[in-house]
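Good morning, colleagues. Please keep the sequence and the model in view as I speak.

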Amino acid sequence: MKIGVMDSGAGGLTILNAIHKKQPHLDLIYLADDAFAPYGNKSVAQLQERLIKVGRFFEKENVCAIVVACNTATVTAIDALRASTSLPIIGVEPAVKPAFRLSKQRKVAVLATPVTAESERLNQLINLWKADSQVSIMSSSTLAFDIDAWPETEEKIKLTIQELSQEMLANNIDTLVLACTHYPLVKHFFEQALGSECEIIEPSEGVTAQLIRRLEESYPEKMCELREPNSQQEGKIELCSSLGFKNMQRLVSWVVASQVITDKRHVYI
């Protein structure tokens, strides 16, 4: 079984790594849509049109499901993608529900790209689950883009995280939601800046669990075959970029199971 995973750059690899760890026998094809990045400064109409094209690419690759491993694409365009394909579509939403449950001081920060921070869906989720919590919605217009340019941008990333963290500490934030899949790639910098008193929440395990549920529902026989002892071969990982090979080595560097990468391709979307 082959699963398609997409993001505007490297961020969705946090989701790919989680999927491979939990279901190592699945084949995974990852699309970094670098040519259209950053998604955070595109209009809703542009993102909807782009995601439909991404869906067509994955259909040609004969995937069984598509994981939209991008918060911005999920909150703005996932409905358009679902309307254009019969494949199971799994999105990624800010993990605000577990954050509000974990927060002891009832002070939660949600860090996102500007598009996600201003989205109706994020505000709906917050209003649904916040109860008596105080919520700070924060955004960065550069952090995700700088993470895609790692490691040359490491010092700039550290400075951005330090500035954001100082604001959180001043507001006595005790729980941080990383509402962009790029951000967990530099989670250790947030941990250093915020200290052990601040809980940091990211969505990779929840998205993986949802993917497995959808696969069990849609392909029960294939999932049963994957669990059989004679089919326990480790799955392959393919990496694709719409920008070519310029960022390919960076993508490889973020893949935990890099030994099972079998193909690296430039694709045209």
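The protein carries 28 positive and 33 negative side chains, and the centres of the two sets lie 2 Å apart. Here Lys and Arg count as positive and Asp and Glu as negative, while His and the chain ends are not counted. Each charge is placed at NZ of Lys, CZ of Arg, CG of Asp or CD of Glu.

A word on the source: this is a predicted model, in which local features need pLDDT of at least 70 and side-chain atom pairs count only at pLDDT 80 or more, whereas totals for chains, interfaces and linings use all residues. Residues are numbered from 1 along each chain as its sequence is written, and side-chain values use heavy atoms, with hydrogens and water left out.

Let me turn to the overall fold. The protein has 12 helices and 10 strands; these are DSSP runs, H or I of at least four residues for helices and E of at least two for strands, numbered from the N terminus. Its radius of gyration is 18 Å, close to the 18 Å that the globule rule gives for 269 residues, so the protein is as compact as a globular protein of that length. That radius is taken over C-alpha atoms, and the rule is 2.2 Å times the number of residues to the power 0.38. Along the principal axes, the C-alpha atoms fill a box of roughly 55 × 35 × 35 Å.

Of the 269 residues, 55% count as buried, that is, under 20% relative accessible area with a 1.4 Å probe, protein chains only.

Beyond its neighbours within four places in sequence, Leu 13 is in contact (heavy atoms within 4.5 Å) with Tyr 30, Leu 239, Leu 251, Trp 254 and Val 255.

Finally, the cysteines. How many disulfides are there by the rule used here? A disulfide is a pair of cysteine sulfur atoms within 2.5 Å, and the count comes to 0. The sulfur of Cys 180 is 6.6 Å from the closest cysteine sulfur, in Cys 70, which is too far for a bond. Cys 240 is likewise in no disulfide, the nearest cysteine sulfur, that of Cys 64, being 16 Å away. Cys 180 is buried at 7% relative accessible area, and Cys 240 is buried at 0%.

Key:
Buried means under 20% relative accessible area, exposed over 50%, partly exposed in between (1.4 Å probe, protein chains only).
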